[in-house]
Amino acid sequence: MTRQRILVTGASGFVGGAVVKRLLEHPELYDVVAAGRSERGVDSSACRVVSGLELSEPAGWAEALQGVDVVIHCAARAHVMNDTSLDPLAEFRRVNVDGALNLATEASKAGVKRLVFVSTVKVNGESTNHRAPFRETDEPSPEDAYARSKAEAEWKLRDFCKQVGLELVVVRPPLVYGPGVKGNFLSLLKLCNLPVPLPFGSMKNKRSMVYVGNLADFLAHCIGGRGAAGETFLIGDDLTLSLAELLKNLRRAQGRAAWLVPVPVFLFRWLGAVLSKAEAVNRLTGELTIDSSKARNVLDWSAPYSVQQGLKATVDAFHQRPQSGESA
């Protein structure tokens, strides 16, 4: 097999860093160019590292893209809780839409053959309550500014790539977890680490997730996978857990008893309404599941890591993190 040069954007980030690590496991197959805001967390002795480039500024990308066969575009302005921007949608569009199109334009000029675009399941919607799991054929239904920017980027990239003959692969992951995870999943890790009972024993809602190692492996499959060009994929772990099951697994991975108290779900919803936290409670109690059979069937892909392996790696990294007061 001919060795391919792969450029990964967002290489210093959570997902991009995992993709670079996965590709570097096969130096006989991939010559990696890691592009990120900084060189943090990237092994510069194993690949070429390019830092300081901005998606909103096309200048500079031509050199980074020289000789590149495939771009895996992980960089993005991610979902921001309590966003303080005066116009959040404009900020998301500037990076996630305009930035992606700038990259695609420069990639086309450089002769890149394929662009793998990491989107989000939020393009499909926020919830699968009272309906079947999300599939790639569903009508997009983005609700917040982040999801709308990703949906718009998908649409504009498809149109542009079709015009210039650049192969496009769109990947929509659900919640991504793994070593170094932040946001809501980090909050769950901290919660599970407390030596107190947790009131989530009645939470039977299912939530699809994907371990970052599984996502990185799938993105590697998209590099040359036959049948991937022009397609959209939803990608998740083999097993879907309820919130109660997730918390039990996290606590067991920490060596603790599950210790979950079955508080009725309607009490959470009532409390959310009283405290004006209905949206947060809906995310906590609602369902969001995906059907990722297309990824497995079209690309003959199977997850290399089980949910238990992914959760253990996540928990182990959480306990090895620098404590408060230590330098990161």
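Me: Which hand is the crossing of α7 and α11?
Reply: The crossing of α7 and α11 is right-handed, i.e. the near helix is turned clockwise from the far one by less than a right angle. This is a predicted model, where local features need pLDDT of at least 70, side-chain atom pairs count only at pLDDT 80 or more, and totals for chains, interfaces and linings use all residues. Residues are numbered from 1 along each chain as its sequence is written, and side-chain values use heavy atoms, with hydrogens and water left out.

Me: And which residues of α7 and α11 make the contact?
Reply: From α7 they are L246, N249, L250 and A253, and from α11 Q308, L311, K312 and V315 (contact means heavy atoms within 4.5 Å).

Me: At what angle do the axes of α7 and α11 cross?
Reply: Roughly 55°, and the axes of α7 (residues 243-253) and α11 (residues 307-320) come within 9 Å. Axes are lines fitted to C-alpha atoms, for helices over the stretch in contact, and angles run from 0 to 180 degrees between N-to-C directions. Helices here are DSSP runs of H or I, at least four residues, and strands are runs of E, at least two, numbered from the N terminus.

Me: OK, new topic: what does L23 touch?
Reply: Leaving aside neighbours within four places in sequence, L23 is in contact with I6, V8, Y30, V32, I72, A220 and I223.

Me: What do the buried residues of α1 pack against?
Reply: They pack against β1 (4-9), β2 (30-36), β4 (70-73), β7 (175-177) and α6. Buried residues in α1 (residues 14-24) include V15, A18 and L23, with buried meaning under 20% relative accessible area (1.4 Å probe, protein chains only).

Notes:
Buried < 20%, exposed > 50% of the residue type's maximum accessible area, 1.4 Å probe, protein only.
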